[in-house]
Amino acid sequence: MPQSIVRVAEPGELGTLPKSLQEWTSGFIEPPGTKSVLSSGAFDPAGCFVAEDKGSIVGCVAVTNLPRKNWVVIRYLAAKSALSRVYAVEKLLSRALQYVETKRPEYLRATTPSMQPYVDVYRSFAFKPIRRDFRITWDLTGTLESPNKQIEIKEVTEKTAPEIAKVLVESIRPYWDWRTEEQGGEEAIAEKFQKGLKKGERWLSGSVGRKVVGLAGLISDYYGAGDARFRGTFVIPEYRGKGYGRSMMNQASSWAKKLGQHKMTVYTFSYLECLAPGALLYIKSGGKIESEYLQLQRA
């Protein structure tokens, strides 16, 4: 088989990558999320490379910026018929790493679907898995859950957002501390939450007495009509293990259905050796693991 040529992607080729990535990875990489990254400030056109074979694009990889300054992540390493194009996959990753060296980042990690040959190629370049990610979905066509009287539910408004943002920051400790660091710190997390609300994200807060103990959020019709992106359920540390997370999940799924959603999908991390609390909650509440991914770091 002819050796593929690896080069920087041309601007006019970027629009085809989301669909190609979906096809090459059998749906593991979804177009909406890819389009969002490619149109965001995190995307660096000079760090996006494609493999070309006989005039056709057959693979790609991208080096994108994390919100924290001088932190980067390699993603979208994929190729058409990848098992027969391992050389092209290796060449793409090698080119991406050459580009990373020119940026001299303080921190580098990678993310990939848990499928071959990508995992072995990353390992051959001295990357080691550090976390798992799951895509979990819920079928919302069943019956609505009855309201739970132990927790009072309110929708978050732009007026209440600043205070609720503080609750979110508190509720992701300590499991998501690594992500808080990648996002640029707690203030950045709070600011992103408020910006998301202005752009159409919707959130519920759950209170016990006057204390806000948990949150759940979604973006309606994100993947298509009736197909929501679930932003997750979060409970502040001192109220965990008391059933509030399950209550928030019940409320969130019922709320999504009332908003005309028949399905919702969340991306969540987990540990290598066992499920993280969030992933466990989602599975216990009826979510099904659709896809698994790996986050890797160079040794």
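Tutor: Strands (E, at least two residues) and helices (H or I, at least four) are DSSP runs numbered from the N terminus, and two strands pair if DSSP finds at least two bridges between them. This is a predicted model, in which local features need pLDDT of at least 70 and side-chain atom pairs count only at pLDDT 80 or more, while totals for chains, interfaces and linings use all residues. Residues are numbered from 1 along each chain as its sequence is written, and side-chain values use heavy atoms, with hydrogens and water left out.

Student: In what order do the 12 strands lie in the open sheet?

Tutor: The order is 1-2-3-4-5-12-6-11-10-9-8-7, with mixed pairing. Strand 1 (5–8) and strand 7 (152–155) are the edge strands, each pairing on one side only.

Student: Which strands pair with strand 6?

Tutor: Strand 6 pairs antiparallel with strand 12 (residues 288–298) over 10 bridges, and proline 129 has leucine 296 of strand 12 as its bridge partner. Strand 6 is also antiparallel to strand 11 (residues 263–270), through 8 bridges; here aspartate 139 stands opposite lysine 263.

Student: Is strand 6 largely enclosed or open?

Tutor: Buried means under 20% relative accessible area, exposed over 50%, and partly exposed in between (1.4 Å probe, protein chains only). In strand 6 (residues 127–139), 10 of the 13 residues are buried, so the strand is largely enclosed by the rest of the structure.

Student: How many salt bridges are counted?

Tutor: A salt bridge is a side-chain nitrogen of Lys or Arg within 4 Å of a carboxyl oxygen of Asp or Glu. The count comes to 15. One of them joins aspartate 53 to arginine 85, with the closest N and O atoms 3.6 Å apart. This pair links distant parts of the chain, 32 residues apart: aspartate 53 is in strand 2 (residues 48–53), and arginine 85 is in the loop between strand 4 and helix 3 (86–103). Both residues of the pair, aspartate 53 and arginine 85, are buried.

Student: What of glutamate 13 and arginine 7?

Tutor: Glutamate 13 forms a salt bridge with arginine 7, their closest N and O atoms being 2.7 Å apart. Glutamate 13 and arginine 7 are both buried.
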